[in-house]
Amino acid sequence: MGHVLHGRHAEQAALGALVTDALEGRSGALVLRGEAGIGKSALLDWTAGRAAAAGLLVVRVTGIEAEADLAFAGLVGLLWPLQSRLDDLPEAQARALHTVLGGPAAEEAPSDRFRIGLAVLTLLAELAVDRAVLCLVDDAQWLDRASTDALTFAARRLGADGVAMVFAARQEGFDAPGLAEVRPGRLGADDAGRLLGAYGLAPALRERVLAESGGNPLALREFAAAAPEGGRGEPLPVADRVLAAFRAQIAVLPERTQLMLLLAAAAGSAHVESGPTGASGHSGASGPTGASGHSGSSGPSGPSGATGRSDSSESSGPSRASTPSGASGREGRTGRDGRDLRAVLAAGEELGAGLDDLQPAERAALIRVTGAGIAFRHPLIATAAYRGMPMARRMAAHRALADAADDPDTRALHLSLVTIAPDEETAAELVAAAERARLRTACAAAAHLYRQAAHLTPGLDERAVRLAEAATLALSAGDVDLAADLAGQSRSLTSEGPAPATAARVRAAVELERGDAGDAAAILVQAAGSAPVDVAARMLRTAADYAWFAGMPDIVAVAADRLESLGRPDPAARGMAALISGDHSQGVRLLRTAAQDEDVPRMRAVHLGWIVGDDDATLARAAEEVAMCRRYGLVGALPDALQALAQIQVVAGLHRDAEASVAEAAAIARDTGLRRRAGQLDTVLARIAAIEGDEERCMELTRHSTATGRVAADTMLSLLDLGLGRPQEALDRLLAARRGPGGHAGVLMGATGDLVEAAVRVGAPEAAREPLRGLREWSAAGGQPWALSMAERCLALLTDDEAHFARAVRLHEGTSRPFERARTELLYGEWLRRERRRADARGLLGSALETFERLRARPWAERARAELRIAGGSAATPAAADLLDRLTPQELQVVRLAADGASSREIAAKLFLSPRTVEYHLYKAYPKLGVSSRRELIKLTLA
């Protein structure tokens with residue numbers, strides 16, 4: 001427990017609460033964020049000691065700036081001691097983590113960069129089954145992007161698992177939205193004075209150190225140690241002054257000692273020393289593990305030599321998941337530190353220095369050398385050792401380390417730091433390293449490596465290809481701005497070969513991510529003209545899809561024509577073009593054909609089925625896509641699949657299931673940084689709000705609709721208007737939408753029933769005749785009972801002919817759209833009541849009321865209840881809340897799967913949760929459902 005920390009009561013309280021929560025089965029995460037030297041690492045040490053004393057398993061890793069571009073370097077350091085537990089995970093997740101640790105990539109399975117994060121989440125939760133877990137990440141700003149994504153994904157999705165996670169990071173360089181933050185401040189005068197008490201400084205020196213350190217704990221300690229010899233110097237930032245102090249200490253060492261320190265820093269082999277040595281016992285200073293980071297940037301020429309420690313600390317005997325402090329590595333049992341020590345010694349021998357030359361630095365307490373590696377007392381010492389050397393010496397060090405490296409990725413990175421002029425051999429090694437990173441789904445690392453390779457590539461065409469590849473990978477990593485920049489660089493180099501097409505696809509994806517599907521479609525159509533035939537065909541098919549949803553009929557038609565001229569006719573593109581031109585018969589036929597083609601990607605088939613209103617097939621395909629994403633752990637693809645599933649669940653009357661699908665999609669989108677998805681998901685919920693008559697919620701959910709989603713939003717608002725007795729507003733809104741650029745949208749075809757009813761109610765039937773003509777043709781071509789019924793209902797309203805009402809009700813029997821069926825029953829019942837056929841009306845009105853109440857469609861239920869009373873029926877008391885309405889969206893998902901007989905582990909794998917979190921949700925759901933066990937739950941009928 002041992003460190004005495006001054007002025008850190010609030011921070012210790014927050015960290016102590018995390019530990020206590022973990023012991024009680026709750027999970028949590030926070031970020032310690034602050035400047036270099038502020039004491040973040042000391043707080044981690046204090047937390048580790050408290051946790052170990054309480055019996056938690058402590059796993060720990062520290063980021064290394066030198067490895068910030070090595071795929072999963074940080075995660076490897078964390079997981080290496082835990083390999084024996086990987087096979088406890090679901091197969092796809094275990095395979096993914098084995099791949100990270102150097103096993104063969106699982107090429108037979110679809111890849112997803114977030115699957116690693118899911119596996120980390122499951123692994124931590126599995127460890128916590130035996131004992132609560134504390135995961136500490138120091139110098140998080142230097143983690144490679146792939147490791148950051150995995151660990152923060154896990155941190156955001158922890159539930160009732162007994163896992164605590166703490167990230168210590170500098171003020172810049174580590175983005176973790178959604179995680180709580182604690183920001184240690186500089187020490188006040190009293191706490192700073194208590195820290196200096198151990199140094200016995202003369203009053204004048206003491207005051208000078210207090211003034212110059214500015215309350216920074218590391219500066220207080222280092223300035224106090226050097227005060228008798230130090231001068232006031234220039235008024236530099238504190239971290240720079242500490243760095244200058246370390247540099248001065250290194251400058252007086254023998255030349256060969258400085259060389260060995262340079263090699264150790266350049267290799268990134270150093271791990272920060274931990275243990276009883278140093279000044280950790282003094283105060284809130286960072287102690288031997290000090291502050292992470294350094295002032296300024298070392299630029300592209302080298303690292304700061306920060307830590308690479310990974311350890312598992314415990315207090316009650318060995319665990320299968322624990323190893324001694326310092327165990328880490330990427331290759332073999334020797335671990336990374338031992339490997340890098342060998343590399344440093346080999347490089348030193350090549351440059352005329354050796355192990356003995358490190359002794360002066362050891363005597364000066366700058367480093368500690370063990371069999372595990374070279375430990376700098378503080379990361380800023382490594383920074384000083386590196387940045388204090390001339391460029392030529394640094395390049396020589398990297399060259400020697402490249403020659404000594406036994407890891408091809410490390411060799412490639414060192415070579416890139418010494419290669420100034422274009423060099424294809426070095427570029428090729430970087431490309432090979434990038435491909436290894438890609439296979440492990442470390443897209444950000446792969447993008448960086450391709451970018452470096454491009455800058456060292458002699459030929460312009462090949463440079464353009466590599467920049468385009470870097471752009472593609474940056475987009476896959478979620479870095480939209482970098483992807484756009486790299487694609488633009490590639491585009492500027494050449495207009496021939498494969499690079500322009502690749503760059504155009506990236507630029508289009510960027511525009512789509514930014515919410516402009518129209519610009520994305522235009523980019524693809526333009527670039528397809530110079531692309532190879534197969535590539536051009538893919539681009540044009542995608543352009544047609546984008547243009548359809550963006551309301552750009554001209555581009556849809558151009559894409560369809562160009563595909564045919566290339567000899568690659570696409571039924572979907574031609575079908576969409578036909579629908580836009582008003583040829584509903586051909587359009588629906590072609591789209592249904594395309595949707596049934598086994599070679600068409602399932603999500604495209606889902607969207608095509610949605611356009612033509614094929615509910616049953618679309619629901620089945622969307623469910624299959626969701627199941628596939630769950631099976632393979634395709635976290636990034638799941639929100640799109642869940643959104644499509646939710647859309648069809650809404651029209652099928654499965655509102656609670658749709659809300660659960662949206663909630664899961666939104667949570668994953670938030671946890672993975674897919675912020676664009678939120679607005680699209682809101683549109684799905686807006687239809688439920690419109691049906692329920694919740695005006696405030698419907699308006700809020702549609703307020704920020706993008707141009708692409710505006711037509712859908714208008715249909716939701718018009719349905720709301722109609723339900724709340726504002727038919728004129730509903731009619732005006734729908735007519736304006738039909739006249740706009742998205743007037744061809746399938747969602748408007750489905751809203752024709754709203755338009756016709758509104759037109760009849762305001763006495764403007766002529767406004768409904770043309771829309772109804774289109775609906776009749778479209779429904780006849782598709783043959784969907786719900787659509788044919790809607791057309792008959794509209795005819796009945798316009799002609800006042802009972803035969804159309806009767807056919808509409810018959811067609812609706814057994815259809816998948818209960819809200820539309822109930823509306824047909826309501827309208828027919830109202831007609832019968834006006835015709836004084838009250839007995840006939842009561843059955844229809846009662847059925848409509850029952851459905852509206854089940855769907856919580858308040859304004860529609862009130863209308864049906866009023867009509868039923870007038871018809872002489874007894875309006876039953878509104879039904880009690882459905883059992884499922886009592887559940888949260890996630891509880892509903894868990895309960896449904898449990899009721900189907902799935903185990904907690906199976907449910908956890910499907911929902912990207914931990915088994916303990918699944919059990920927690922079941923525990924909360926049982927009393928709401930009036931059951932006490934899975935056996936009772938399975939017997940319960942869940943509609």
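This is a predicted model: local features need pLDDT of at least 70, side-chain atom pairs count only at pLDDT 80 or more; totals for chains, interfaces and linings use all residues.
In helix α39, the residues Glu802, Phe805, Ala806, Ala808, Val809 and His812 meet Glu820, Arg821, Thr824, Leu827, Tyr828, Trp831 and Leu832 of helix α40. The residues of this contact comprise eight nonpolar, two polar and three charged.

Two packed helices are described by the angle between their axes and the distance between the axes. For α39, which spans residues 802-812, and α40, which spans residues 818-834, the angle is about 150° and the axes are 10 Å apart. Because angles over 145 degrees count as roughly antiparallel, α39 is described as roughly antiparallel to α40. The crossing in which α39 passes α40 is left-handed.

From this pair the reader may turn to the interior. In soluble globular proteins, nonpolar side chains tend to be buried together. The largest nonpolar core of this model has 206 residues, among which Leu75, Met165, Phe167 and Phe852 touch the most other members. Helix α23, residues 533-550, gives this core its largest share, ten residues.

Helix α36, residues 752-761, is mostly covered, with eight of its ten residues buried. Among the buried residues of α36 are Asp754 and Glu757, as well as Leu755 and Val756. Just after α36, Gly763 adopts a positive phi of about 75°.

Notes:
Residues are numbered from 1 along each chain as its sequence is written. Side-chain values use heavy atoms; hydrogens and water are left out. Axes are lines fitted to C-alpha atoms, for helices over the stretch in contact, and angles run from 0 to 180 degrees between N-to-C directions. Helices (H or I, at least four residues) and strands (E, at least two) are DSSP runs, numbered from the N terminus. Angles under 35 degrees count as roughly parallel, over 145 as roughly antiparallel, 65 to 115 as roughly perpendicular and the rest as oblique. A crossing is left-handed if the near helix is turned anticlockwise from the far one by less than a right angle, and right-handed if clockwise. Contact means heavy atoms within 4.5 Å. Ala, Val, Leu, Ile, Met, Phe, Trp, Tyr, Cys and Pro count as nonpolar, Asp, Glu, Lys and Arg as charged, and the others, Gly among them, as polar. A nonpolar core is a set of buried Ala, Val, Leu, Ile, Met, Phe, Trp, Tyr and Cys residues joined through side-chain atoms within 4.5 Å. Buried means under 20% relative accessible area, exposed over 50%, partly exposed in between (1.4 Å probe, protein chains only).
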